[in-house]
Amino acid sequence: MSVNIIIGAQWGDEGKGKIIDLLSADAEFVVRVQGGANAGHTVIIGDTRYALHLIPSGILRPEPKCIIAQGVVIDPEVLLEEMELLRMHNIKLDGRFFISDRAHVVMPYHKLIEASGLRTPNRDIDTTKRGIWPAYADKVSRIGIRMGDFLNLPFLEDKIRHNVKQFNTVFGDSSKIKEDLSVDHVVKVYKEYAVKLAPYIADTLTILHDGLDRKANVFIEGAQGTMLDVDMGVYPNVTSSNTTAGGACTGSGIPPTSIDKVLGIAKAYITRVGVGPVPTDLTDATGDLIRERGKEYGTTTGRPRRCGWFDAVLTRFACKVNGISEIVLMKLDILDVFPTIKICDYYEYKGKRLDTIPADVTFFSEVKPHYQELPGWQVPTSDIKKYSDLPQNAKAYIQRIQELIGVRIGIVSVGPERNQTVIKANEAN
Ligand code: IMP
């Protein structure tokens, strides 16, 4: 039995949901550890497409217990909708779904502050508008409301009244805040949420630690991707949580010494939602073709994703900061039609070679990708079940990525279904 972290090795939307669903069949726990309803994990099972924002994808398997741990910021409205949707599909929640009493709550004033644009960086970062950054800001300002507060209604009411009053004092007169926030209304709505969610709120630290003592099989489901990590990514074009392996430990309470494996998920090309520099971004017909073939539109906001060639610098960086020991390469089939395929092996900056991700966003926006060009395979791969049956040029492409990132690719996904997944044996090349 082991503890595995599943991390996005690019800019998010790598397909972590499918891999968690695939690997969690014999997991006892699947745990969400950071982010909030800004995330969107799509899992397709038969004719049904499940788009989950908060509940771990492991819920779609009958066995695993699913936990939203303390590092997540929870919008109760979104969570209740998601729970209802799962119930409609006869997916059992009672006794197998737990919400950390330490997790913070996204409040209406968080969304209003974000929507107002009253506090923004000096460059647009095009957030998902889910109240994520104000909720995390309140958490570190120690004025956040936590899920545990939902278990003590008078205390919850007191906190809400205090916070809404402060919000109205600071922002209430601004013409940019369109909605009048009534204290009584927020108290009423959040008390109703509290009553509905109370049966699921628990001390998830103890649940997980008991599991670790029993040597339970645990999967930690990362949200977003390495390049969106508030510390590792290219600030300020990041999200507000630690999306990397360290965040998985603080966000769950599982100590680093208990982690057995960090598995990185990367698409066979790159995508990015939101603004910010993307060195291999393709703003031409090739990018459009990747987008159309890959159905690259955001799960949460429906925004078209920017698409480009695989960036080995970035995934190598992700492998290093997360300690990734194996990569799952997603959506290889999307590249089936291209006569040639490029991989960025390093960046060039003012005539010099650069092999890592700089901290500075202006610097990063000026790097130019250097490419290796490989022949495409131009045959469909979606029905291939064995690694050895992949076209030779596809295997050469995988092999080249592996060499450039310095980490083994162990699984290749060739379609959205569970069975469209090719496992690469150790010796295969
Ligand atoms: P926020 O997380 O809403 O604050 O948005 C910050 C940046 O992260 C924006 O560029 C978003 O598009 C991006 N982002 C947030 N969550 C996701 C995700 O799940 N997938 C991809 N991009 C995301």
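Me: Which residues lie nearest the centre of the second largest pocket, and how many line it?

Reply: Thr42, Ile44, Gly294, Lys331 and Pro416 lie nearest its centre, and 26 residues line the second largest pocket. This is a predicted model, where local features need pLDDT of at least 70 and side-chain atom pairs count only at pLDDT 80 or more, while totals for chains, interfaces and linings use all residues. Residues are numbered from 1 along each chain as its sequence is written, and side-chain values use heavy atoms, with hydrogens and water left out.

Me: Which elements give two or more residues to the lining of that second largest pocket?

Reply: They are α1 (16-23), β3 (41-45) and α9 (285-294); helices (H or I, at least four residues) and strands (E, at least two) are DSSP runs, numbered from the N terminus. The most comes from β3, with 4 residues.

Me: What is the volume of the second largest pocket, and how does its lining divide by class?

Reply: The volume is about 660 Å³. A pocket is an open set of points on a 1 Å grid over the protein atoms alone, with protein on both sides within 12 Å along at least five of seven lines; a cavity is a set where a 1.4 Å probe fits but cannot get out, and lining residues have an atom within 4 Å of a point. Grid points are joined across faces, edges and corners, and a volume is the space filled by probe spheres set on the points. The lining has 6 nonpolar, 9 polar and 11 charged residues; Ala, Val, Leu, Ile, Met, Phe, Trp, Tyr, Cys and Pro count as nonpolar, Asp, Glu, Lys and Arg as charged, and the others, Gly among them, as polar.

Me: Turning to cavities, where does the largest one lie?

Reply: Domain 1 (3-102 + 200-262) and domain 3 (266-423) both contribute to its lining, so the largest cavity lies between them; the domain bounds come from an automatic or database domain assignment. Its volume is about 40 Å³, and its lining includes Trp11, Met227, Arg272 and Phe364.

Me: And the ligand: which residues are closest?

Reply: Asn38, Thr128, Thr239, Arg272 and Arg303 are the closest of the 17 residues that surround the ligand, a residue being near if one of its heavy atoms lies within 4 Å.

Me: What is the distance from a ligand oxygen to the side chain of threonine 128?

Reply: A side-chain N or O atom of threonine 128 is 2.6 Å from an oxygen atom of the ligand. For arginine 303, the corresponding side-chain distance is 2.9 Å.

Conventions
Polar contact = N/O pair within 3.5 Å; in protein donor to acceptor, adjacent residues only side chain to side chain.
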